[in-house]
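Hello,

Here is the structure for you to look at. My notes follow below it.

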Amino acid sequence: MRLREAGEDVPKPMVQIGHRPILWHLMKYYAHYGHTDFILCLGYRGDVIKKYFLNYEETSSNDFVLSGGGREIELMNKDISDWRITFADTGVNANIGQRLMAVRKYLLGEDTFLANYADGLTDMHLPSVIERFKSRGKIGNFVSIRPNLSFHAVCGLADGQVREIIPVREMDLRINHGYFMFRSEIFDYMRPGEELVETPFQRLIAADQLLAYPYEGFTASMDTFKDKQHFDELYAKGSAPWEVWLREPSASNGGMHRAEPTVKDPTRVKYQGEKGFLAPLGSTAAESAETSARLT
């Protein structure tokens, strides 16, 4: 509701930053670090997300050469040719815990997976966080940040006397920014209907199995229309911090190779021979190799 100006009937992950939805920017971030197997836990207007990827237009964000009277398109590179996306309908009113439980069957055989709220971006070096998580041998991990709020906290007495007013940003306070990492044992700490960060996390804490990764770099979430404007401004200036794929070598080289020419169907205006663009999509990004990245 707080993003109504961005579109009345658009799920938050599909709110645009530039010419791509925030979900695409997040998946591109994971893919840059080699995690290209995605499970998307779909809820409200999941059909919008499905249609976006089923009709994915590579020419919107890649250079290309047009020839043959408009029939042949030679892409200089591709965005999602190496992505594998599973679309899982997990319920319109399901909470995060319920969504994770619903896609457990798609994670069989995965020892470790990543999960995300799908409404925030960062410039964090993901491999460093994963390496720290694995070295500690715990079951769960999330990224903690200082709240980016302009509020002031009031310290006072019961009678109303004020002792101190402190900007929230200057307090020793950190919040959950998501960017979760879990071992498969997380499901042993979850029960049907439970919200992930409430009771299951309390069980992990009691068992000394939960870590928080403190991060001081760029993080931002898409909660209000003002947040969207902030994302748009950073993108328009060409200084979007989360676009790590433009500044760092890619772990998977996905999207960096020249694509084969494709032929446009003159009657249906549809590319032929590009089945890779019709891969399924979900609300979780599963890691390649031994980990799975999930966008919840």
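Which residues does Thr219 touch, not counting residues up to four places away in sequence? They are Leu121, Thr122, Ile145 and His177. Contact means heavy atoms within 4.5 Å.

First, the basis. This is a predicted model, where local features need pLDDT of at least 70, side-chain atom pairs count only at pLDDT 80 or more, and totals for chains, interfaces and linings use all residues. Residues are numbered from 1 along each chain as its sequence is written, and side-chain values use heavy atoms, with hydrogens and water left out.

Thr219 sits in strand 15 (residues 219-221). Strands (E, at least two residues) and helices (H or I, at least four) are DSSP runs, numbered from the N terminus. Thr219 counts as buried because its relative accessibility is 15%. Buried means under 20% relative accessible area, exposed over 50%, and partly exposed in between (1.4 Å probe, protein chains only).

Now the core. The largest nonpolar core has 47 residues. Such a core is a set of buried Ala, Val, Leu, Ile, Met, Phe, Trp, Tyr and Cys residues joined through side-chain atoms within 4.5 Å. Tyr29, Phe53, Trp83, Met124, Leu126, Phe231 and Trp242 touch the most other members. Helix 1 gives the largest share, eight residues. A second, separate core has 20 residues, including Leu100, Phe113, Met190 and Leu210.

Phe231 is worth a click. Leaving aside neighbours within four places in sequence, Phe231 is in contact with Ile17, Ile22, Leu121, Phe218, Ala220, Ser221, Met222 and Trp242.

Last, Val154. Val154 is in strand 10 (residues 152-156). Val154 counts as exposed because its relative accessibility is 57%.

Best wishes
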